[in-house]
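Me: Hey, I'm new to this one and want to talk about charged pairs. Can you walk me through a few?

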Amino acid sequence: ELPAATPPETLVAPPPPPADFDYEAELEQYMARLRRGGLALIWGPAGVGKIALAATLAARLQARGQKVIWHTCRPPDIETNAGQRLLLTLAAGLALEGRGELWQALTGSEALPLTQRLGLLEAGLTDRRWTVVVAESQWLSGDEASRVLDVLTAAQERRDIRLGLVGRHLPSWADAERWPALPFPSDAIARRVFLSRIA
C-alpha cells in the first residue's frame, strides 16, 4: 500500500500580512510575550484587526527564519469536527518536516483511535520549536478539539513549541489581567491602556 501523498505547504501557511498595519506597538508586546513565555493570546471583538496582527506577527517570525504553522478554525455550520481538522493541519506540518506518521494515520485507510493519534502528535511536537497559531479559536469546540488543544498547551508549557491563540474570547484558563482585549486601532485612549497593561 502506497503511503499518503505529501501535504501541500499551503495547508500550514499563514495568510499574507496586510499592506497597511497600525498595530506596531501592540505587535512588539505580543512578540515579547512569545519570546519570554512562549504564549500569545490575541483576542477581542470582531473588527479590531486580530487576524491582521497575527498574520504580521507570523511574517516577522518567518523573516527571522522561524517555522510558523497556521490554522484557521471554521464555524460549526461549515466544520463538523474542528479538532480533526486542527489535527490534520498539525500532521501536515510534521509530514513536511519528515515526520509523516500522523499524516499517514489520518489520511490512510486504517483509522487509529484518538488516543493514539494524540500520542503521535505529542511525540512529533517534542523539541519542534514551531510557533503554532490557531486563528478564529472561538470556533474550536468539541471533545476532540479540546484534547488537541490540551496537547498544544502542554507542549507550549514544556517549551517544545510557542503557541498563539487568536479569537473573540480569552480561553477560560487564561488570566484576563495579563491578557487584555485588543482595542480598536482608532481608539487612542484604549490603546494606551492596553499597552500599559500588557507591558
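Me: Which residue does Glu-79 meet in a salt bridge?
Reply: Glu-79 pairs with Arg-74, with 3.3 Å from N to O. Keep in mind that this is a predicted model.

Me: Is Glu-79 buried or exposed?
Reply: Glu-79 counts as buried, because its relative accessibility is 15% and the cut-off for buried is under 20%.

Me: And what about Arg-74?
Reply: Arg-74 counts as partly exposed, at 36% relative accessibility.

Me: OK, how many salt bridges does the structure hold?
Reply: There are 12 of them.

Me: What does Glu-26 pair with?
Reply: Glu-26 has a salt bridge to Arg-191, and their closest N and O atoms are 2.7 Å apart. Glu-26 sits in helix 1 (residues 24-37) and Arg-191 in helix 7 (residues 188-198), so the pair ties together parts that lie 165 residues apart in sequence.

Me: Are those two buried or exposed?
Reply: Glu-26 is buried, with a relative accessible area of 0%. Arg-191 counts as buried too, at 15% relative accessibility.

Me: New topic: what does Arg-99 meet?
Reply: Arg-99 forms a salt bridge with Glu-101, at 3.4 Å from N to O. Arg-99 is partly exposed, with a relative accessible area of 28%, and Glu-101 counts as partly exposed at 38%.

How values were computed: Residues are numbered from 1 along each chain as its sequence is written. This is a predicted model: local features need pLDDT of at least 70, side-chain atom pairs count only at pLDDT 80 or more; totals for chains, interfaces and linings use all residues. Side-chain values use heavy atoms; hydrogens and water are left out. A salt bridge is a side-chain nitrogen of Lys or Arg within 4 Å of a carboxyl oxygen of Asp or Glu. Helices (H or I, at least four residues) and strands (E, at least two) are DSSP runs, numbered from the N terminus. Buried means under 20% relative accessible area, exposed over 50%, partly exposed in between (1.4 Å probe, protein chains only).
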